[in-house]
Amino acid sequence: MASDSDPQCVADVHAILGEGPVWVAREAALYSVDIEGRKIFRLGDDGQTTAWETPMRIGSIAPRKNGGFIAGTDEGIAIVDPAEKRFEIIANPEEHLPGNRFNDGKIDRRGRFWAGTMDSEEKTASGTLYCVNRDLRWNAIDTGYKVTNGPAFSPSGDVMYHSDSARQVTYAFDMDSEGNAGNRRTFLEFGERDGYPDGMTVDSDGCLWVAFWDGWCVRRYSPGGDWIETIKVPVQRPTSCAFGGRDLDRLYISSASRDLDEQALRMQPNAGGLFMIVPGVRGLAEVPFAG
């Protein structure tokens, strides 16, 4: 279904590296982060934006069943509640890799947190995809990533998508009845003119929406990998997308202003802002972290 509007900037927060939008149904609010700016943003359903500073770089947050958030940070996995100023590291799987940090992360259909790490300087393929279970124990699932992004999960939870943005590839994994990921295969590959596949989400039809860093767009792909639609955005570096709104009929798109020169910033006055479009399709209700 084609969108019936153009993307509108709904929170002009000028993030350096805006990322990780996530709709929190219990608050009817859209949360996102600025990794390099060390901030968490909350966009209420009334259009008001709140910002909190964070003591570490937070790559992603996801709501917990019992309140607050689980997060991937540059210091490890954390329990976060910005309103209460709680930033508690509960595990650091990569203490031996001080140059790494957590990047993107999401909750699967079974209530587990999946998040990937990456080299902060984006030079080495030292990134790993982790799964954090409800007992807060973690497992390393897949290794050798340069820039991890995603994941996203099919409506039934039997397929997981995950990208190595630097390699311009999106993988698909099979998920068994216990939620174990296997049979990694290439789902999508991109070229120089496409930009870099960044954060993503899945809609109620099972289609994958992918934001493209340096691509000026978000694209929609069928479960079979067919390119269905392109949503152009007025910024060079969209970073991720998530469905939200009380009816899950809005698509929110985060963006970055990092490394844009003065001329580029003049051309993109809303770079680093949060955008919204009505895409003509609904998203899926996110499952909170069960731990």
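1. Trp227 counts as exposed because its relative accessibility is 51%; buried here means under 20% relative accessible area, exposed over 50%, and partly exposed in between, with a 1.4 Å probe and protein chains only. This is a predicted model, in which local features need pLDDT of at least 70, side-chain atom pairs count only at pLDDT 80 or more, and totals for chains, interfaces and linings use all residues. Residues are numbered from 1 along each chain as its sequence is written, and side-chain values use heavy atoms, with hydrogens and water left out.

2. Trp227 is found in strand 21 (residues 227-232). Helices (H or I, at least four residues) and strands (E, at least two) are DSSP runs, numbered from the N terminus. Leaving aside residues up to four places away in sequence, Trp227 touches Arg219, Arg220 and Tyr221, where contact means heavy atoms within 4.5 Å.

3. Rings of Phe, Tyr and Trp (its six-membered ring) pair if their centres lie within 6.5 Å; planes under 30 degrees apart count as stacked, over 60 as edge-to-face and the rest as tilted. The count by this rule is ten aromatic pairs. One of them joins Phe102 and Tyr130, and it is tilted, with 5.7 Å centre to centre and 50° between the planes. This pair links distant parts of the chain, as Phe102 lies in strand 10 (residues 100-107) and Tyr130 in strand 12 (residues 127-132), 28 residues apart. Both Phe102 and Tyr130 are buried.

4. Phe190 and Phe212 form an edge-to-face pair, with 4.9 Å centre to centre and 85° between the planes. Phe190 lies in the loop between strand 17 (181-189) and strand 18 (196-202), and Phe212 in strand 19 (residues 208-213), so the pair ties together parts that are 22 residues apart in sequence. Phe190 counts as buried because its relative accessibility is 13%. Phe212 is buried, with a relative accessible area of 0%.

5. An open sheet of four strands has the order 2-3-4-5, and its pairing is antiparallel; two strands pair if DSSP finds at least two bridges between them. Strand 2 (18-24) and strand 5 (49-53) are at the edges with a single partner strand each, so one side of each has no neighbour in the sheet. Neighbouring strands of this sheet are turned by 20° against each other on average, direction ignored. Axes are lines fitted to C-alpha atoms, for helices over the stretch in contact, and angles run from 0 to 180 degrees between N-to-C directions.

6. Strand 2 and strand 3 run antiparallel and are joined by five bridges. Val22 stands opposite Tyr31 in strand 3. The hairpin of these two strands has four residues between the strands, and in it Ala28 takes a positive phi near 50°. Strand 2 is mostly covered, with seven of its seven residues buried.

7. Strand 3 (residues 29-34) pairs with strand 4 (residues 39-44) in the antiparallel sense over six bridges. Val33 has Ile40 as its bridge partner in strand 4. Ring pairs also link Tyr31, Trp52 and Phe69 into a cluster.

8. The disulfide count is zero, a disulfide being a pair of cysteine sulfur atoms within 2.5 Å. Cys207 is in no disulfide, and the nearest cysteine sulfur, that of Cys241, is 13 Å away. Cys207 is buried, with a relative accessible area of 6%. Cys131 counts as buried at 2% relative accessibility.

9. Gly291 is found in the segment after strand 24 (274-277). Its relative accessibility of 13% is why Gly291 counts as buried. Apart from residues up to four places away in sequence, Gly291 touches Arg64 and Arg134. Gly291 and Asn133 are 7.1 Å apart in space, C-alpha to C-alpha, and 158 residues apart in sequence.
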